[in-house]
Amino acid sequence: MTAMIRTMAQFLLLPILIVSAAILVKGYADTGDGFSAGVVVSTAVLLQYMAYGYKHSARIWPVKYAPQLAFSGLLIALLASFQSLLRGEAFFSHVPAPDAEVIKLGSLELHTAVLFDLGVFCVVVGFMVHLMSLIAQASWGEDRGQDSGTRDQESVVMGDRER
Amino acid sequence: MPLIPTVPLLLALLAAPLALLAGAWRPHWAAPVSASLAAATFAALLWGWWNGGGSLDLAWAPAWGLRLHFSLDGLAALYALLASGVGCLVLIYSASYLPAHLHHDGRSQKEAPRFFFFLLLFMGAMVGLVMAQDLLLIFLFWDITAIASYYLIGYDRETADARTSALMALLVTGISSVLFLIGAFILAEAYGSFSMPVLLEQATAGPMLTTATLLIAIAALAKSAQAPLHFWLPRAMAAPTPVSAYLHSAAMVAAGVFLLGRFYPLIALSPVTQNLLLAIGILSMALGGFLALSRGVMKQILAYSTIAQYGYVVFMLGIGGKVALQAAAFYVLAHALCKSGLFLTAGAVTEATHKKELAELGGLRGEMPWLAFGSGVLAAGLAALPLTIGFFKDELFFKAAYEHGPRYVAAALLGTVLTLVYIWRFWSGIFLGKKGADVEHRSLLLTLPVLLLALPVLIGGLWPGLFTPLAGAAAGVMYGESLDLHVAYHFAATPENLLALSTYALGALLIVGQRFWAGPAARLAAPIVRYGPEQWYHGSLAWLNRLSQRANAFDIRDLRWRMATILVAMALLLGLSMLLVPPAQTWQFALPALSDLPMVLALGLSLFAALLVLPVRNMFTLVLALSTVGYGLAAVYAFLGSPDVALVAVLVETVLTLLMLGALVLFPDDLFSFSSPLPNKPSLRWRNPLIALAGGLGMFGLSWSLLGSEPAAESVADRYLELAEAAHAGDVVTAILADFRGLDTMGEISVIVLALLAVTSLLQWRRSNS
């Protein structure tokens with residue numbers, strides 16, 4: 001079971017990240033947005049947690065900086081929405097203005113609304129990843145030994161507290 | 001952007017974070033950096049005012065008539081210069097005072113930057129407040145000053161006294177600030193704008209205006225510590241001395257009088273509010289002056305003195321008219337200089353001798369000659385002796401009272417005589433008479449700010465023309481047209497000179513006969529202090545505490561009761577709303593078409609999973625059943641053709657299920673086995689199903705009546721679809737989230753970050769407790 005989950009986690013990591021990047025980049029042109037992309041990334045992190053345990057995942061993932069990621073996401077969103085005040089317009093007046101020319105990179109359009117969406121993405125990823133690591137830390141603590149991550153992980157997923 | 005209000009404003013607002021950064025890098029840099037930032041703000045303000053002021057007007061949310069509108073006018077210049085100038089001197093003083101204070105209390109020097117941060121935050125908020133020209137901006141800065149004052153007064157957080165006092169100041173000034181907000185909304189509703197200039201133009205006398213100005217006046221009077229809401233100020237003396245010197249002479253209490261000045265053109269239209277100011281002013285003058293006579297602790301004398309002195313100003317504003325407004329503005333200026341210096345004197349003396357009571361002090365003039373000289377000048381200024389700036393403050397004060405009538409002259413005379421007597425008692429008690437406590441150590445940095453404050457007091461006594469333009473301009477803003485203020489010594493038997501002479505004579509008489517009235521005054525003062533309005537405060541606080549505990553016990557103790565209150569209240573409100581506003585169309589019943597079969601199946605799956613929740617006793621199965629409900633609904637969204645919603649629903653459902661399973665591990669074991677017996681009283685047996693049924697029926701009725709109604713002919717959705725292309729969006733849902741309704745999203749992600757903080761503190765608290 002563990003081996004299967006680990007293999008799956010390894011195989012799926014890259015595709016999940018690519019899907020999430022696609023959702024984020026295409027968000028303004030197609031279905032999906034920063035929120036969905038953020039949740040997709042956090043499922044990838046969650047899969048790593050389940051396969052390798054908290055200790056190991058905390059090392060390979062920038063889990064440590066998740067709160068900072070959430071806060072910088074909020075800052076990015078604030079900047080993207082309040083930049084218009086400096087130009088003397090109401091806040092949330094995005095640049096370029098409606099109907100003006102936009103620089104396009106494929107389907108990605110360089111637009112402050114997209115930047116705002118990126119902020120939402122960072123907030124969601126930071127929130128979810130940190131929440132998961134908090135729950136993981138709290139539930140099996142640091143005193144249960146180094147390599148017990150997998151067993152404990154399974155116990156979470158399989159619900160060994162069934163009576 | 002215009003340079004003039006922008007540069008001083010930005011300097012003032014950025015000072016606090018910059019000082020914090022400097023302090024985080026090198027703790028001992030916090031003090032010099034803060035003092036130079038305050039000095040820079042002062043210089044920028046002076047430069048701005050010298051060049052005629054200016055205003056900055058940025059669109060904030062123009063659709064709601066909200067603008068970021070700041071202007072540096074005469075009134076703003078007076079208060080902002082006081083806040084930054086006195087602030088700078090207080091910061092220089094703190095550079096020497098604070099390390100000793102922290103050392104004395106056995107605290108780490110790393111706590112110093114916090115002090116400088118909040119002091120500068122206060123200064124920045126004060127500068128913002130006086131420049132703000134929009135009611136909501138005024139409210140915003142007003143509340144920042146209250147929050148900063150809470151941390152400053154409670155800076156010695158280990159002592160219970162400091163914590164209680166800080167909370168008291170926050171509650172008294174914070175609750176009353178809500179009155180200001182109500183007043184602001186009344187004004188905005190009545191005259192259609194939050195903008196001060198528009199309001200001043202449009203306002204007309206009437207009951208609306210009277211109500212609004214009364215509410216605003218109460219908020220301002222509470223901030224200025226006027227009777228009967230004065231009691232927080234003497235308590236706030238628990239703060240470190242620089243805080244008292246700053247907040248309770250030039251900044252926090254001055255903010256209240258400033259607000260009265262800012263709204264003065266509106267207050268002048270309402271005789272009721274004007275009379276209230278008159279009455280409160282006289283009451284505070286008499287009460288503060290009388291209680292200051294018999295206080296034993298140095299800072300307490302000064303605290304009651306502040307109540308009395310701001311009583312003068314409120315009294316002047318209550319009289320109104322050209323002279324009284326000039327007197328009020330000049331009074332604020334002169335008083336702030338003198339009083340902050342006297343507070344610093346009290347701190348310097350306590351630091352040198354470790355004594356706070358006048359009874360333990362005395363005869364320090366030989367050992368601290370410079371401090372004695374500086375504070376002597378400041379005391380003379382407060383007591384309005386000639387050759388100090390204070391003489392002119394009282395001259396204008398007498399002139400205004402004399403113009404208004406003999407009764408007010410008597411009140412004014414009472415106030416000035418009391419001031420002279422208690423200030424003499426304060427100064428002579430420290431520096432003259434028998435030798436009290438010994439001086440252990442002296443510090444130049446503690447004496448220097450006192451001397452620097454004495455300097456303008458002396459210069460103002462010889463050359464008042466240096467200060468009158470500032471006070472005159474402030475009075476002009478209150479009066480509504482520019483005023484010229486001239487003061488000079490007149491060697492003639494004018495009423496003002498005669499009143500000044502009578503003040504000196506009566507004061508001297510009282511000082512000489514001190515032993516005849518000192519005892520009775522102290523006996524009379526004791527019950528006033530003990531049974532005063534402070535008891536009402538404590539009483540209402542205790543009552544509110546009990547109320548909150550009862551509500552808490554009802555709500556928190558039993559999760560089932562909490563669910564019941566939410567569900568029953570929801571059902572009642574929904575049922576009531578449907579009874580009062582019946583749905584316009586008749587209820588429709590129709591069988592689904594064959595093409596809708598996949599959707600019906602998905603709904604059926606959700607229904608089955610929802611019913612499964614009822615008999616299941618196992619937590620794990622319960623979570624899976626609940627997530628099945630969610631997946632079924634996600635499928636329904638997909639069939640309805642909203643891929644965005646379906647995508648989000650699937651993702652959220654996945655992560656939520658996994659997190660819920662993870663969180664189950666955190667629960668205590670016996671919760672899962674239902675081993676703890678439920679209270680299965682027969683009377684309660686039907687309670688929970690009934691409550692659940694009521695909540696479900698309410699929701700059902702609402703959904704049906706909303707979904708069953710005809711779609712509106714014109715909907716905002718069409719507009720969004722039209723606009724999406726212009727807004728460079730291919731996907732209208734994303735455009736709504738990031739652009740059209742971006743403010744909502746902003747609010748939501750802020751809540752997410754706040755939730756993250758809450759979860760972090762909860763889970764880490766749990767860990768540190770296990």
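The lining of the second largest pocket divides into 13 nonpolar residues, four polar ones and one charged, with Ala, Val, Leu, Ile, Met, Phe, Trp, Tyr, Cys and Pro taken as nonpolar, Asp, Glu, Lys and Arg as charged, and the others, Gly among them, as polar. This is a predicted model, in which local features need pLDDT of at least 70, side-chain atom pairs count only at pLDDT 80 or more, and totals for chains, interfaces and linings use all residues. Residues are numbered from 1 along each chain as its sequence is written, and chains are lettered from A in the order in which they are written.

A pocket here is an open set of points on a 1 Å grid where a 1.4 Å probe fits, with protein on both sides within 12 Å along at least five of seven lines; lining residues have an atom within 4 Å of a point. The second largest pocket holds about 1100 Å³ of space. Closest to its centre, out of 18 lining residues, sit Leu603(B), Phe700(B), Ser703(B), Trp704(B) and Leu707(B). H25(B) gives the most to this lining, with five residues.

Now for the place where the chains meet. Contact (heavy atoms within 4.5 Å) links 54 residues of chain B with 62 residues of chain A. The area buried between the two chains is about 5000 Å², and carbon and sulfur atoms give 76% of that; buried area is the accessible area (1.4 Å probe) lost on putting two parts together, summed over both. H33(B) gives the most to the side of chain B that touches chain A, with 17 residues. That side divides into 37 nonpolar, 11 polar and six charged residues.

Note on methods:
Heavy atoms only, no water. Helix = DSSP H or I, 4+ residues; strand = E, 2+ residues; numbered from the N terminus. Points joined across faces, edges and corners; volume = space filled by probe spheres on them.
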